Amino acid sequence: MEIADVVKRAYAMPLTNPSFPPGPYRFFDREYIIITYRTTREALEAVVPAPLEIEEPLVKYEFIRMPDSTGFGDYTETGQVIPVRYKGQHGGYVHSMYLDDDAPIAGGRELWGFPKKLASPKIVHEGEVVVGTLHYGSVLCATGTMGYKHREADHDQVLASLAAPNFLIKIIPHVDGSPRICELVRYYLTDVTLKEAWTAPAALDLRPHVMADVAKLPVLDIVSAVHFTADLTLGLGEVVHDYLADHGRSAAGAKELEKAGA
């Protein structure tokens, strides 16, 4: 294989048999359970990176069933999104994600910087209740329950939440273990078709686990819950802040001050 061929083919690993195809990535009948809860500001301050700003001490715990997606297949995901503000723009910081499929784990981490880990989340319908669970190995780490389609949700409000930007920290290490890429990435969901949306009472139980730290953002009380399905496209991201560039400028400035003092 010639050098030009390597460069042409090098969009994902492994080089000759990538874990995922090129996008765009379209999702059909994506099913969400989103339980918004109040937590402590101290817990959020420990995990939300600057320059993002915390608004209220809220967390959105999400269970997402994706039965049909281009390139990534059929899988289920769960995790926590924290409402934040970036330069006056309201959005969500994706703090944790656990899912059961290799392609979206590899693609999510390599392309956008999604904090994806392999685990076993599920969404099931049990009579009058929708149940979401997260197992990490044999250990139950999260259980969310929600009444089944009690009241129709405000579709405009749900669409507005899906249209808001989301933020991620993309980290790629150098071969010596130091950071090669450390960036704040912003992405959007596009071409959204909301099919149905419902609200109902909900409950959420998060349990400690050394490798699935969802309980580190404790549940104080439930604020709201929404259950909906939609078709949408996962848009590719853009870099809005380069931490290593800032670090380099800070280090250079410190050296200049040191020389001036000498």
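Guide: Before we look at the sheet, a definition: two strands count as paired if DSSP finds at least two bridges between them. Please also keep in mind that this is a predicted model.

Visitor: Okay, in what order do the four strands of the open sheet come?

Guide: The order is 7-8-9-14, and the strands pair in the antiparallel sense.

Visitor: And which strands stand at the edges?

Guide: Strand 7 (120-126) and strand 14 (202-206) do, and because each has a single partner strand, one side of each is left without a neighbour in the sheet. On average, and with direction ignored, neighbouring strands here are turned by 15° against each other.

Visitor: How many bridges join strand 8 and strand 9?

Guide: Eight bridges join strand 8 (residues 129-136) to strand 9 (residues 139-147), in the antiparallel sense, and T133 has T143 in strand 9 as its bridge partner.

Visitor: Switching topic: is S69 buried or exposed?

Guide: S69, which is found in strand 3 (residues 58-69), has a relative accessible area of 7%, and since the cut-off for buried is under 20%, S69 is buried.

Visitor: Which residues have the most contacts inside the largest nonpolar core?

Guide: They are V48, L52, Y61 and L134, in a core of 34 residues. Apart from that core lies another, of 33 residues, with F27, A103, A230 and L232 among them.

Terms used. Residues numbered from 1 in each chain as written. Predicted model: local features only at pLDDT ≥ 70, side-chain atom pairs only at ≥ 80, totals over all residues. Heavy atoms only, no water. Helix = DSSP H or I, 4+ residues; strand = E, 2+ residues; numbered from the N terminus. Buried < 20%, exposed > 50% of the residue type's maximum accessible area, 1.4 Å probe, protein only. Core = buried A, V, L, I, M, F, W, Y, C linked by side-chain atoms within 4.5 Å. Axes fitted to C-alpha atoms, helices over the stretch in contact; angles between N-to-C directions.
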